[in-house]
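Q: Can we go through this one together? Hairpins first, then helix packing.

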Amino acid sequence: MLRGHAHLRQGHQRTPLALTVVMLVLLCLLPARWLTWVSWFAGLADTAIIPVQAPVRNAAAWLAGRVSAGDVDSPELAAAREEAERSRTLYLQTLEEVSVLREQVEALQSGRALSPGLMGMAQLVAPVLGEQQAGAGRVLKVRAGRSQGVVAGDPVTFRGVHLVGRVVGDVDMHFSRVQVITDKAAGSAAGPDRGRINGVVILGETDGRLPPDPMAERVQCLLTPTGDGRLSGDVAGWAARADRSQPRVEVGAIVRLSDERWPASAQMLVLGRVEREDTKPNQRQTIVVAPIFDPAKIREVIVRASGEGTNGGGGGAP
Amino acid sequence: MNLLAVILVGYVLRGVELGLAPTIGLGPTGAKDIAPALLLPLVVYVALFAPAQSVLWLALCAGVVVDLTGPMTVRGAEAFCWLVGPGAVGYLVAAYFVLTIRGFMIKRNPLALAVLSLLGAALAGVVAVAIITLRAQFFTDMAWRPGPELLLRMGSAVYTGVAALPLSLVFRPLTGMMGLQDSHLRRR
């Protein structure tokens, strides 16, 4: 009799639990667009977990000797290399901008709309607070948000020249999520090139030096994230030449972004270095590109914010 | 069971889990997806000692936290979506499994926690993958590949089992603070 009562009481106690489970299962069977409200709770959970997550991440990276750069150069040499790389990128961006301006002049003459430029962009130094597993890929949580003018789509760099990814999803007031460039979902969202990223290799570009006419030496490549932290794809051909010969890209060559679906401020940023190359049976060359800096080791990024902040800017340009 | 203490320990463990994952995670560069779940061994440890009803609710809440701190990529939308349910139900099943067999275990043995954490994480992984795969039959809005995902979760389960060994040494001195007592010892 007593046992019967105990079972009955246990059954009563378990009813709310069973109902909760059924509700949760039903909740996750809803379409993604009906679940956007959950992001508010997720934001709260993220904010709550950051005070433990961020110090542990930084301490672990420091202990493992994997501090952001991970190189063995002396500080002076590392600074000089960084400066040289920044100058090269600026130079290439200027060339790209000139090229875009020429096109805009032509567009203006034919009455077409202008594309937005680099004006009004702020560079915010943002610490990486942590990483999250996001389905098939990973996202970085960075401390730069809506209050500093960060909006979805803003490019995110490391040391100002290495493209880390772009801001995606709902931007929180004080932090945002960055989809890493090597993430499976990082390519274009729609169109025939869905999931792909357009890159260029400037033939003859070696560490610290550019060829005399870099724009003529550009070779296009269409890259796809492989899911293991790399990008791979075919070398398409010369970008600005009528030459029909197949250019050869060497292992170690630097690959830069040249994709009109990305903002102007992201163009010519470094995607990575060619790690492997191969030739298909149809003689087309394929390359595997690995980022120069592993996003997992990065402790600080620079967000190129295009929106208007509410607290009068942010960390400022480095 | 001292719920506040358990929540505090769980909060720290989840933070440590997320913070350590990029460093101690296994897998190719940039995709260190095989990482230990540190919150699950806590759920397993509590399940070894605490009353069944409290354990089940605690597991459900821990799973919800795991779901809320792990977004999914929405295909084509360049956005994220949080599926609350797969982790929660997975943790619940894992806790139920531990409750079922806790009578046969030597609870103070670190190996018991390691083995149960491994099996619990594997069960939670299977359940979560099954739920999301079921969802993927109706909606193709999220990037989801069940095969590789299941393999990753099994790898993580093994890693969780290994991580549970040192964790058992951490939990032991906290047992009193968390208000957990072995019922057999208490009777004596």
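**Strands, loops and helix pairs**

A: Start with β10(A) and β11(A): strand β10 (residues 270-279) and strand β11 (residues 285-290) of chain A run antiparallel, joined by 6 bridges. Keep in mind that this is a predicted model.

Q: Which residue in β11(A) is the bridge partner of E277(A)?
A: I287(A) is that partner.

Q: And how many residues lie between the strands in the hairpin of β10(A) and β11(A)?
A: There are 5 residues between them. Among these strands' hairpin residues, Q283(A) takes a positive phi near 70 degrees.

Q: OK, what is phi of M268(A)?
A: Phi is near 70 degrees there, a positive value in a residue that is not glycine.

Q: Where is M268(A) found?
A: M268(A) sits in the loop between β9 (254-257) and β10 of chain A.

Q: Buried or exposed, that M268(A)?
A: Buried. M268(A) has 25 other C-beta atoms within 10 Å, and the cut-off for buried is 20 or more.

Q: Why does G169(A) count as buried?
A: Because G169(A) has 23 C-beta neighbours inside 10 Å.

Q: What separates the C-alpha atoms of G169(A) and V151(A)?
A: The separation is 9.0 Å. Along the chain, G169(A) and V151(A) are 18 residues apart.

Q: Zoom out. How many helices and strands are there in chain A?
A: Chain A has 3 helices and 12 strands. It has 318 residues, and 38% of them count as buried. Of its contacts with a separation of 6 or more, 60% are between residues 24 or more positions apart.

Q: Now chain B. What does its secondary structure come to?
A: Chain B has 7 helices and 2 strands. Along the sequence the pattern reads α-α-α-β-β-α-α-α-α.

Q: How many residues of chain B count as buried, as a percentage?
A: 53% of its 188 residues. For contacts with a separation of 6 or more in chain B, residues 24 or more positions apart account for 75%.

Q: Helix packing, then. At what angle do the axes of α4(B) and α5(B) cross?
A: Roughly 145 degrees. The axes of helix α4 (residues 86-101) and helix α5 (residues 110-138) of chain B come within 8 Å. The crossing of α4(B) and α5(B) is right-handed.

Q: Which residues in α4(B) and α5(B) meet?
A: From α4(B), the list includes V89(B), Y91(B), V93(B), F97(B) and V98(B). From α5(B), it includes L116(B), L119(B), L123(B), V127(B) and I131(B). By class, the contact of α4(B) with α5(B) has 16 nonpolar, 4 polar and no charged residues.

Q: How far apart are the axes of α2(B) and α6(B)?
A: They are 9 Å apart. Helix α2 (residues 39-49) and helix α6 (residues 146-174) of chain B pack at an angle of about 60 degrees. So α2(B) and α6(B) are oblique to each other. The crossing of α2(B) and α6(B) is right-handed.

Q: Which residues meet in α2(B) and α6(B)?
A: L40(B), P41(B) and Y45(B) in α2(B) face T160(B), A163(B), A164(B), L167(B) and F171(B) in α6(B) as contacts. The residues of the contact of α2(B) with α6(B) split into 7 nonpolar, 1 polar and no charged.

Notes
Residues are numbered from 1 along each chain as its sequence is written. Chains are lettered from A and ligands numbered from 1 in the order in which they are written. This is a predicted model: local features need pLDDT of at least 70, side-chain atom pairs count only at pLDDT 80 or more; totals for chains, interfaces and linings use all residues. Axes are lines fitted to C-alpha atoms, for helices over the stretch in contact, and angles run from 0 to 180 degrees between N-to-C directions. Helices (H or I, at least four residues) and strands (E, at least two) are DSSP runs, numbered from the N terminus. A crossing is left-handed if the near helix is turned anticlockwise from the far one by less than a right angle, and right-handed if clockwise. Two residues are in contact if their C-beta atoms, placed from the backbone, lie within 7 Å. Ala, Val, Leu, Ile, Met, Phe, Trp, Tyr, Cys and Pro count as nonpolar, Asp, Glu, Lys and Arg as charged, and the others, Gly among them, as polar. Angles under 35 degrees count as roughly parallel, over 145 as roughly antiparallel, 65 to 115 as roughly perpendicular and the rest as oblique. A residue is buried if 20 or more other C-beta atoms lie within 10 Å of its own, exposed if 12 or fewer, and partly exposed in between; C-beta atoms are placed from the backbone. Two strands pair if DSSP finds at least two bridges between them.
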